[in-house]
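Dear colleague,

I am passing on the structure we spoke about, together with some notes on what came out of going through it. Please have it open while you read.

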Amino acid sequence: MTPRDPWFSFARHTPARIALGRTGASLPTEEVLRFSLAHAQARDAVHAPFDAESMAHAIAGLGFKVLRAESAATSRDMYLRRPDLGRRLSDESRLRLAEAAGGDVDLALVVADGLSSTAVHVQAVPFLHALKGEIEKAGWRVAPVVVAREARVALGDEAGALLRARAVAVLIGERPGLSSPDSLGLYLTFAPRPGRSDAERNCISNVRAEGLSHEAAAFKLAWLLREAFRRGLTGVDLKDESDLIAADTRVALPPK
Amino acid sequence: MAFVHRIGPRSYAFSDLKDLMAKATPPRSGDVLAGIAAASAEENVAAKMCLADLPLKVFLSEAVIPYEADEVTRLILDSHDTTAFAPVSAMTVGDFRDFLLSHAATPQVLSRLAAGLTPEMAAAVSKIMRNQDLILVARKCPVVTRFRNTIGLSGTMAVRLQPNHPTDDAAGISASILDGLLYGAGDAVIGINPASDSLPVIDRLLRLMDDVISRFEIPTQSCVLTHVTSSIELMNRGAPVDLVFQSIAGTQGANRSFGVDLAVLKEAADAARALNRGTVGQNAMYFETGQGSALSANAHHGVDQQTCEARAYAVARAFSPLLVNTVVGFIGPEYLYDGKQIIRAGLEDHFCGKLLGVPLGVDVCYTNHAEADQDDMDSLLTLLAAAGVTYIMGIPGADDVMLNYQSTSFHDALYVREVFGLKRAPEFEAWLAGMGITAPDGRLAPANGAHPLLTFVERAA
């Protein structure tokens, strides 16, 4: 077997595929096959069905009200080819959200399958558990959590507007990587309404055990939300300086 | 202006220039998504034939996106060099293809022509070119740029060392930088996509790279690929910014969705150049592009995605960048469905960029929801190396653990160097030899477990 490179011990610092060794200019057989396997698993994660029912049940178990919704994309294949449909609610879901809306709230939360239902299955509930603490601390009024199938980030704009929220946070399965089929992304948008651009959002990515912890992600999202409410915006003009705060006041950092 | 082309008893009508361009485009999912693709294979060829008969001059009188509505159109037309255009001004698009492939079109001739070409002309001719045409002509258009080394010389290909880490961990990023350098990669730039857009985090990453580059006197440059306004703020705070990065697109509206316009790009380019951190040149901007971004931002004006992409290169060349790369397969299957479409788009983008005088590299890549795999990437990489691509990405094992996609690896770069005999940027090549990383033949020397570079990861850990 072709040996790994002598700096292999540094691989403990990163999930990246370093110090793989080589045969001539090329990858050793073992790594070529290991890569093929990871690709096969990531392909499977894209196409795994979203279990919205269990998800809704578990989120209700945390004490949130829950609403189910679907995008206008009626199948996985249509979802992949027609992102415009994944950004809109189905007519039926639009009615359901409009009927469920109460008075004005501070925050709407959308749990969307995105490109990895695996990520949502694994991360959404523990993240919401951590976020609940921040919500209670801040005293924010929260709309029912929307669990949305075949959904993209911008679907949150319509959902947030219907639920009369000052801001919407979309929890969504990120496109699965070879080493991370289960990574959750968080997108925060102030004053949600259809037509918002991506430059008007703040993003926190890589929420998973090997990436950003649920507690740290909840801390960051709450920091951004406070700043968004204070300054009346999200997006490129709102720079995430929560790490500065965290560095200044170590106690504010949640445990790893 | 409307266009008509007859094939036998059938007559194909195209409502205007952008409709003709869209219908003439080789098939791709993004144009279907936009509802502007040809309805049949025959209509596609009818549009190509019609386009081939079109005088190049038409592109100067008919804008695909109105002058009044779009600052990118204004940039393209206001900066057009009629003197440079003169040698081809009487040609049709079809004549122009024949000219580009002829022996009369030498690298010197094409280099002088670049300022006389608009992106729409480049896009139009690419639509009637086969893959081999795109390779042959691009190969005749080297574009040389400089910062701390010389990028783009004929017979060379550079590599961006992309040491991303899911939490921007200093030791993790250092380990990937070390791995890349010891595999002979990093002459284009050491460029990190940060997981965070937090300014203190980005500042720390810039200092980490500045430290390794200066300590080991590496003739290369660094970049954190964050928003241009963040880089401006960091430069104001005195952070060691070499290259300023921004994603750009070919329409004003798509650029707005990225939170930029031409004015802020100019502000950033001026600020970066004023820092004077280059040693052999001051090409201080780094841009990324990709087909589909204008449609994704709902700002495509009915223009096909490949023409929008070529217009992004007009934005890029206005700021004399060191590096520009299309991230060809990153955006997903709704724009480029499978390996075949990704390969075609990569060759088109590279050709259009080079013809327009832009130092084009390609992120040869795909995502896990596209119908593509490593074999498709091997094909595109090999074709681009044949075409003289300026640089490619170098990622440990081709797996980007932060951005969640597959690109090219350090090993992939070594593979094309073996096949095509491609060298690195000369200053970097000399540094690798001096550090004992490469042997006299340019191949890697046997791995050395006691190499002095290893100390830098140990310090970061």
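In chain A of this predicted model, the mean position of the 34 positive charges and that of the 32 negative charges lie 2 Å apart.

As to the rest of chain A, the chain holds 9 helices and 6 strands, and its C-alpha trace spans about 65 × 50 × 35 Å along the principal axes. A compact globule of 256 residues would have a radius of gyration near 18 Å, and the 20 Å found for chain A agrees with that. Of these 256 residues, 55% count as buried, while the chain exposes about 10,800 Å², with 54% of that area supplied by carbon and sulfur atoms. Among the contacts in chain A with a separation of 6 or more, 68% are between residues 24 or more positions apart.

Chain B contains 22 helices and 14 strands. Its radius of gyration is 22 Å, close to the 23 Å that the globule rule gives for 461 residues, so chain B is as compact as a globular protein of that length. The C-alpha trace of chain B spans about 75 × 45 × 45 Å along its principal axes, and 65% of its 461 residues count as buried. Chain B exposes about 14,500 Å², of which carbon and sulfur atoms supply 54%, and of its contacts between residues at least 6 apart in sequence, 77% join residues at least 24 apart.

Helix α17(B), residues 305-317, has 13 residues and reaches 19 Å from its first C-alpha to its last, close to the 18 Å expected at 1.5 Å a residue. The helix is mostly covered, with 12 of its 13 residues buried; among them are the charged residues Glu309(B) and Arg311(B), as well as Tyr313(B) and Val315(B).

The other place is Leu453(B), which sits in the loop between α21 (426-434) and α22 (454-460) of chain B. Leu453(B) counts as buried because its relative accessibility is 0%, where the cut-off for buried is under 20%. Which residues does Leu453(B) contact, leaving aside its neighbours within four places in sequence? They are Leu178(B), Leu181(B), Leu182(B), Phe216(B), Trp431(B), Met435(B) and Ile437(B). Gly155(B), by contrast, is 298 residues from Leu453(B) along the chain, and their C-alpha atoms are separated by 28 Å.

With best regards

Definitions and conventions. Residues are numbered from 1 along each chain as its sequence is written. Chains are lettered from A and ligands numbered from 1 in the order in which they are written. This is a predicted model: local features need pLDDT of at least 70, side-chain atom pairs count only at pLDDT 80 or more; totals for chains, interfaces and linings use all residues. Side-chain values use heavy atoms; hydrogens and water are left out. Helices (H or I, at least four residues) and strands (E, at least two) are DSSP runs, numbered from the N terminus. The radius of gyration is taken over C-alpha atoms; the globule rule is 2.2 Å times the number of residues to the power 0.38. Buried means under 20% relative accessible area, exposed over 50%, partly exposed in between (1.4 Å probe, protein chains only). Contact means heavy atoms within 4.5 Å. Accessible areas come from the Shrake-Rupley method with a 1.4 Å probe; for residues, only the protein chains shown count as cover. The place of a charge is taken as NZ of Lys, CZ of Arg, CG of Asp or CD of Glu. The expected span of a helix is 1.5 Å times one less than its number of residues.
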